[in-house]
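Here are my comments for a colleague who is new to reading models of this kind. Please keep the structure open beside the text and look up each residue as it comes.

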Amino acid sequence: MGSLSDAAAMRHMDVHMEAEEKYAEACLAAAGADRLARKLQLEMASRLASEACTTPARWGPWLYYRRADEGKQYPVLCRRSAALHGEFVSYSDPSAGFDFTAGKRIEQKLVDYNKEAERFGGYSYEELSEVSPDHRYIAYTMYDKDKDSFTLLVRDMVTGTLCDKPRADRVSNISWAMDGKALVYVVTNEDRRPYRLFCSIIGSNKDDILILEEPDASREGVRVNSHYLMQSDVESPGPKSWKNVFLEEPGIILEDVDFCSTHMVLILRQGRKLSLCSVNLPLPENIHMPDAVADYNLLNGKWQIVQQQNMLHERTKVLYGNAFASSMGKLSSDGADLSSQDLGDCDWNELSEYYACKYYDVPSKDGVLIPLTLVYSRKHKQEGNPGLLHGHGAYGEILDKRWRSELKSLLDRGWVIAYADVRGGGGYGKEWHQDGARTKKMNSIYDFVSCGEFLLEKGIIQENKLAGWGYSAGGLLVASAINTRPDLFRAAVLKVPFLDVCNTLLHPILPLTAIDYEEFGFPVDHEEFLAIKKYSPYDNIQKDVPYPAVFVTSSFNTRFGVWEAAKWVAKVRELTQYDPERPVILNLTTDVVEESKYLETKELATETAFLIKMVNNT
């Protein structure tokens, strides 16, 4: 396909997709997956109804929460005064926002993301959100599909109106200053690298102040394996006056930092172990990474499996309510059962009684230990369950392990859900990411395969009952793992996958960024071209070998073109052994990013039904 403006090619694509749609319907009907999908959709829809409101988060005098209005696609961010009314029965019933005794409304609507969708072309996706310390303003970034970047907005929560400034595109980070009177934000360049730091005085008509500009944001060209923290004098804030706050220690990674008037709070990682530590201000000279000064150590925290999401930062949360808050001292290849701890009181909808979680360290092909997380039903866990292995391993992004209600449909049918934190992903330092990128991309694939082999060898998942799941670059990971070990998997779901890596990088129809090339390689370089050819899913399909059943979803509105999925599906059908019980299906969605909750549930139900039928019919 030459370009999206090629009318003849697009007509041929339309005809091809119509045929694929009919083929998908026939395959699903033959397996009975269509009937099961309708049943699963009812299950999932009933859970969505019970999730109309998130758990309120108290901050200062307010309770912040998100709730969904009936018939609306996106939620509304709201708050109530904790002192005015502390015991609410319903957060989804509109009447609950009114105090009939006092005769006044007690709920404030802060951000209606349905209205934001109207502003941003029918799509509402928030990345950052910060309420000012005085609870007067909220700063947030919304994805602008036309610009392919995040736009900064500031809303006055008292009047409900948007502030005239700051308004900025390509914003990657925000932070309040001067007790809410000023907002500091970071802007990226065209290559999506943070390079400018601005300060905006709220309510001022003056232009935002450029505090710092770094054309090259590297630290003197030296790669580091974690964030670093530096300080400088207020009178001379230039880079030449910066100095390290901590003497770096091997194996200790600084994950995040926050400040109050008297303390600096750090989140530190050593392997899987995270600690929350505080340091008195002002800082002494050349202090070491704190250990004994920990006010609260996450290693001693209570592990809770809960159906809960963060109110303002839903994207950053992982599978369970307290991210990584677990007793992680017993890490070994035999697994650490984190669900048997004393849970104490729980304010949320606790699921620990029904579901459990385990960690394993799995040796990869080169001996590197790969973190593997398992979730399963206590009631249905037994030897040889069917299982689903998730993976991503790209861009240094942390694998999404958030609790999602649709997982119940698999867990309650005896499935084990596994998450492989392969190299190339995030959470374990820059080196972990770099060891799974470009010429080292095969490490990610070997890691994923090793985790799958481990699940079968230990009897956690029954042979011939393992499925894989990957989204976007995670689809590349799973498809490459299938090419490497097609006998390991019985089925797979690839959602908007990146499959034709070599051709896409050489001849991009859709715009790519420098980050894409840095992640997957520069094919104009001979060594990197050979590395790409070695892992590219489209270029490594095995001939005359039985492949697992695969369900591929794609759309014209994705970063990786639908033609990639269509080409890969056609080539797999052409080269591999045909088996009617292992169909390779291409499912074209109208618009992945703009679908409603109903369509999203329908798609999830179809994918889940496909997995269940393909795996359980063996």
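This is a predicted model: local features need pLDDT of at least 70, side-chain atom pairs count only at pLDDT 80 or more; totals for chains, interfaces and linings use all residues.

**Notes on charged and buried residues**

1. Asp-400, with a relative accessible area of 31%, counts as partly exposed, a class that lies between buried (under 20% relative accessible area) and exposed (over 50%), as found with a 1.4 Å probe on protein chains only.

2. Residues are numbered from 1 along each chain as its sequence is written, and side-chain values use heavy atoms, with hydrogens and water left out.

3. How many salt bridges does a search of the whole structure find? The search gives 24 salt bridges, and among the residues concerned, Arg-67, Arg-80 and Glu-107 are linked in a network of such bridges.

4. In helix 1 (residues 7-31), Lys-22 and Glu-18 are 4 residues apart, so about one helical turn separates them, and their side chains meet in a salt bridge of 3.9 Å, N to O. Lys-22 is exposed because its relative accessible area is 54%, whereas Glu-18, at 45%, is partly exposed.

5. The second case belongs to helix 3 (residues 113-119), where Glu-116 and Arg-119 lie 3 residues apart, about one turn of the helix. Their salt bridge has its closest N and O atoms 2.7 Å apart. Is Glu-116 buried or exposed? Glu-116 has a relative accessible area of 1% and is therefore buried, while Arg-119, at 42%, counts as partly exposed.

6. With a relative accessibility of 3%, Arg-423 counts as buried. Its side chain is joined to that of Asp-366 by a polar contact of 2.9 Å and to that of Asp-447 by a polar contact of 2.8 Å. A polar contact is a pair of N or O atoms within 3.5 Å; within protein, one must be able to donate a hydrogen and the other to accept it, and residues adjacent in sequence count only if both atoms are side-chain atoms. Leaving aside residues up to four places away in sequence, Arg-423 also touches others (heavy atoms within 4.5 Å), including Ser-364, Val-368, Trp-432 and Asn-443.

7. Gly-561 sits in the loop between strand 28 (549-554) and helix 11 (562-575), and is buried, with a relative accessible area of 4%. Gly-561 and Pro-497 are 64 residues apart along the chain, and their C-alpha atoms are separated by 8.9 Å.

8. Finally, on the cysteines, how many disulfides are counted, taking a disulfide as a pair of cysteine sulfur atoms within 2.5 Å? The count comes to 0 disulfides. Cys-78 is buried at 0% relative accessibility, and Cys-357 is buried at 0%.

Key. A disulfide is a pair of cysteine sulfur atoms within 2.5 Å. Helices (H or I, at least four residues) and strands (E, at least two) are DSSP runs, numbered from the N terminus. A salt bridge is a side-chain nitrogen of Lys or Arg within 4 Å of a carboxyl oxygen of Asp or Glu.
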